[in-house]
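Dear colleague,

Please find below the structure that I am handing over to you, together with its sequence. My notes on what was found in it follow.

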Amino acid sequence: MSHTAHIPSHRKPRRSASKMALRAGVTGGVLSTLAVAGASGAANAAEPVTQTMELPTLTTDLSSQVAQSADATQQAAANYQLQAERDEAFTKAADQAKKDQLSAEKKAEAKKKAEAAAKKAKAEREAAAQASSRSSERTTLSTATQTAAAPASGSVGAVVSFLKSQVGDAYVMGGTGPNSWDCSGLVQAAFKQAGVDLPRTSQAQSTSGTSVSLSSVQVGDILYWGGAGSAYHVGVYIGNGQYLDAANPSKGVVIQDLSGYPASGAVRVL
């Protein structure tokens, strides 16, 4: 026996092939599992990277939308304010226009009243002046006719006598006698008795002979009413402030006082 036979060997016993194969198989399985897990982990780890890369894009879009929304809101607010200002300006303009119209209407009404008052005052002054003139004429005629003497003329007497003989006859427009007359027809017939041929109308008779003032009127003078050449009525002065004429359809041929209906003028043909 060897002298070293009793010393145990410190070498590790060799593993059997089966054990080594088993261990290799286990190790391979573990490594495969780790490899799969690692691949899975790598795959799972890649997803957050992708999401992290997309996040800035989403954030940028959201910021852009928010900015656009803010701009739109601001623009809408500006438009609303502008519209409100326009509405306010329109309302003020309408109110001012209404006030101006009322003011203009008041001024026009005041002007109209002032013109009416002025017109009325003018009419009153003219009426007063005419009344005063008529009163003066009546006084003048009354004084003048009371002192006027009939001229010593048989022809004037014939005129006045004929006229007085017609008192009471009817007035008829265009009448020339013998029982109905108009004013100029009666005067024409009366002066024909004195051999004087007068025109037929009152307008023409008012310019026949010589014009005389009413303060100097004498018996036998022709009186006329209206303008000389456009007279609308004639009669003959018979003295004592009276005249004889074919007055109108209601009176006929009558004797009247000059003070009640002053003549406009007079002419003398005898």
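This is a predicted model: local features need pLDDT of at least 70, side-chain atom pairs count only at pLDDT 80 or more; totals for chains, interfaces and linings use all residues.

Gly-239 stands opposite Gln-242 in E6. The loop between E5 and E6 holds Asn-240. This residue is not a glycine, yet its phi is positive, near 60 degrees. Is Asn-240 buried or exposed? Its relative accessible area is 63%, and the cut-off for an exposed residue is over 50%, so Asn-240 counts as exposed.

**The helix across the sheet**

Because eight of its ten residues are buried, H3 is largely enclosed by the rest of the structure. The buried residues of H3 are Cys-183, Ser-184, Gly-185, Leu-186, Val-187, Ala-189, Ala-190 and Phe-191.

**The nonpolar core**

The largest nonpolar core contains 36 residues, and Leu-186, Phe-191 and Leu-223 have the most contacts inside it. Two or more residues each are given to this core by helix H2 (154-165), H3, E4, E5, E6 and strand E8 (265-268). H3 supplies the largest share, namely six residues. In soluble globular proteins, nonpolar side chains tend to be buried together.

With neighbours within four places in sequence left aside, the residues in contact with Leu-223 include Leu-214, Val-217, Val-234, Tyr-237, Tyr-243, Leu-258 and Ala-266. His-233, Gly-235, Ala-263 and Gly-265 are also among the contacts of Leu-223.

**Two further loops**

Ser-208 is found in the loop between helix H4 (202-205) and E3. The relative accessibility of Ser-208 is 13%, and the limit for a buried residue is under 20%, so Ser-208 counts as buried. Its side chain reaches the backbone oxygen of Ala-204 at 3.1 Å. Leaving aside neighbours within four places in sequence, Ser-208 is in contact with Leu-198, Pro-199, Val-267 and Val-269.

Pro-178 has its place in the loop between strand E1 (170-171) and strand E2 (180-181). The peptide bond that leads from Gly-177 to Pro-178 is cis, with omega near 0 degrees.

**The protein as a whole**

The secondary structure comprises four helices and eight strands. From the N terminus on, the elements run α-α-β-β-α-α-β-β-β-β-β-β. The protein has 270 residues, of which 23% count as buried. Its accessible surface comes to about 18100 Å², and 57% of that surface belongs to carbon and sulfur atoms. Among contacts with a separation of 6 or more, 55% are accounted for by residues 24 or more positions apart.

Yours sincerely

How values were computed: Residues are numbered from 1 along each chain as its sequence is written. Side-chain values use heavy atoms; hydrogens and water are left out. Two strands pair if DSSP finds at least two bridges between them. Buried means under 20% relative accessible area, exposed over 50%, partly exposed in between (1.4 Å probe, protein chains only). Contact means heavy atoms within 4.5 Å. Accessible areas come from the Shrake-Rupley method with a 1.4 Å probe; for residues, only the protein chains shown count as cover. A nonpolar core is a set of buried Ala, Val, Leu, Ile, Met, Phe, Trp, Tyr and Cys residues joined through side-chain atoms within 4.5 Å. A polar contact is a pair of N or O atoms within 3.5 Å; within protein, one must be able to donate a hydrogen and the other to accept it, and residues adjacent in sequence count only if both atoms are side-chain atoms.
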